[in-house]
Amino acid sequence: MKILLAEDDNDMRRFLVKALQNAGYDVASFDNGLSAYNRLREEPFELLLTDIVMPEMDGIELARRATELDPDIKVMFITGFAAVALNADAETPKDAKVLSKPFHLKDLVGEVEKLLAA
């Protein structure tokens, strides 16, 4: 299973990559939405794991474009800004999951496993 991770916080991105790789996932990570989107255009991924607030392209726009490219891609948002997370008119993918920071890495891996099994 291939996961595309977009997270602009370097430390957080490193922790997430390590936890997901330890759980057996193939992870490609980027520090902004635009770079992640460009990678998505090159190859398919089963899951987009993205921060919401990022430079160049935010996670909501990234998710919207990702699902245009691949309607079957699963989407999970990770954010420290739960209040701004998903307002009703944000045009986010309908089955997207939101995980609020801070969270335990085992909780993240558990949520990823559940989402990919669905």
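Q: Which residue caps the N-terminal end of H3?
A: Asp58 caps that end of H3, with a side-chain oxygen 3.1 Å from the backbone nitrogen of Ile60; a polar contact here is a pair of N or O atoms within 3.5 Å, where within protein one must be able to donate a hydrogen and the other to accept it, and residues adjacent in sequence count only if both atoms are side-chain atoms. This is a predicted model, in which local features need pLDDT of at least 70 and side-chain atom pairs count only at pLDDT 80 or more, while totals for chains, interfaces and linings use all residues. Residues are numbered from 1 along each chain as its sequence is written, and side-chain values use heavy atoms, with hydrogens and water left out.

Q: And which residues of H3 are buried?
A: In H3, which covers residues 59-69, they are Gly59, Ile60, Leu62, Ala63 and Ala66, where buried means under 20% relative accessible area, exposed over 50% and partly exposed in between, with a 1.4 Å probe and protein chains only. Seen down the axis of H3, these residues fall within an arc of 160°, taken from the directions from the helix axis to the C-beta atoms, so they line one face of the helix.

Q: What do they pack against?
A: The buried residues of H3 pack against strand E1 (2-6), helix H2 (33-40), strand E3 (47-51) and strand E4 (74-79), with contact meaning heavy atoms within 4.5 Å. Helices (H or I, at least four residues) and strands (E, at least two) are DSSP runs, numbered from the N terminus.

Q: OK, zooming out, what's the pattern along the sequence?
A: The protein reads β-α-β-α-β-α-β-β-α, with four helices and five strands, and 42% of its 118 residues count as buried.

Q: Changing topic, is Lys97 buried or partly exposed?
A: Lys97 counts as partly exposed, because its relative accessibility is 29%, and its place is in strand E5, residues 97-100.

Q: What does Lys97 touch?
A: Leaving out residues up to four places away in sequence, Lys97 touches Val75, Met76, Phe77, Glu111 and Leu115. The C-alpha atoms of Lys97 and Phe77 are separated by 6.1 Å, although the two are 20 residues apart along the chain.
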